[in-house]
Amino acid sequence: WIVRGMLKPDGGIEARAATMGPHLAYLRASRDRIRFAGPLFSDDLNEDGGETPLGSVTLLDAPDRASAEAWLADEPYNKAGSFGEVSFTRWSSSMEHRQLDYPRTEGWQQFMLTCIDGADGKARRKEVAEAHHKFQATVMDRYIARGPMFKDDGIQMIGSFFIVEFPDRAA
C-alpha cells in the first residue's frame, strides 16, 4: 500500500516537528512491513533556506486496506493531527529490495512519481510495453521502488508508482 499523508496547512508542520522522535521509533518498529518511508518536500526553499515539509509517504506491506488504515491509526504524526489529507493506494512492488538495502548516492535527490492511467491506459500500456521495458533497463539502477497501482480490489490497474534517485529534477 502507498500510504500518503499531506500536512495540514495550519499546524501540520508544528505537529510533525513535535512528534518526530515517536514517528521515527514507530517506523523502526514497523521496518519488517515497510519497503520505503520518507518525507515529501516542496521544491522551493523556505525563508530559512531549507526544504518545507509537505507530508510523508510509506510503502507498507499489508494484506488489505483495513490493515493499512490500522497501521496509520497508530502512526504518531497521524495521531498528533499532522495530516489534513490521507490516501491509500494498493500497490505491488516490482522490486525485492527495501529502502534500507538501497545505497544512497551522496548529493543526489529522490523523487516520487505517481502516474495515473488515462481512460485508454490498458491499450496504451500494451502498445508501449516493449519500449517501456527497454527504457527501464537503461535506468534500472536509479529505481528505489517501482510497480503498478491498483484499485482496492487488487485487479484493475490504475497506474504506476516510482521512487527514483537522480542528481536533480531535470535529470
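User: Why is E69 called partly exposed?

Analyst: E69 has a relative accessible area of 35%. Buried means under 20% and exposed over 50%, with partly exposed in between (1.4 Å probe, protein chains only). So E69 belongs in the middle class. R65 is partly exposed too, because its value is 29%. The model is predicted: local features need pLDDT of at least 70, side-chain atom pairs count only at pLDDT 80 or more, and totals for chains, interfaces and linings use all residues. Residues are numbered from 1 along each chain as its sequence is written, and side-chain values use heavy atoms, without hydrogens and water.

User: What makes E69 and R65 a salt bridge?

Analyst: The term asks for a side-chain nitrogen of Lys or Arg within 4 Å of a carboxyl oxygen of Asp or Glu. For E69 and R65 the N to O distance is 2.8 Å, so the pair qualifies. Both residues sit in helix 3 (residues 65–73), four residues apart, about one turn of the helix. Helices (H or I, at least four residues) and strands (E, at least two) are DSSP runs, numbered from the N terminus.

User: How do you know that E130 and K134 pair as well?

Analyst: Their closest N and O atoms are 3.3 Å apart, and a salt bridge joins them. They are four residues apart in helix 5, which means about one helical turn separates them. Both E130 and K134 are exposed.

User: Which parts of the chain does the pair E165 and R104 link?

Analyst: The side chains of E165 and R104 meet in a salt bridge at 2.8 Å, N to O. This pair links distant parts of the chain: E165 is in strand 7, while R104 is in the loop between strand 4 (83–91) and strand 5, 61 residues apart. E165 has a relative accessible area of 0%, so E165 is buried. R104 and E165 also belong to a network of salt bridges with D141 and R142.

User: How many salt bridges does the rule give?

Analyst: The count comes to 10.

User: What makes up the lining of the largest pocket?

Analyst: The largest pocket is lined by 36 residues, with Q109, Q110, F111, M112 and V164 nearest its centre. The lining divides into 22 nonpolar, seven polar and seven charged residues. Here Ala, Val, Leu, Ile, Met, Phe, Trp, Tyr, Cys and Pro count as nonpolar, Asp, Glu, Lys and Arg as charged, and the others, Gly among them, as polar. F111, for one, is therefore nonpolar.

User: Which strand gives the largest share of that lining?

Analyst: Strand 2, with nine residues.

Methods
1 Å grid on protein atoms, 1.4 Å probe; cavity = no way out; pocket = protein on both sides within 12 Å on 5 of 7 lines; lining within 4 Å.
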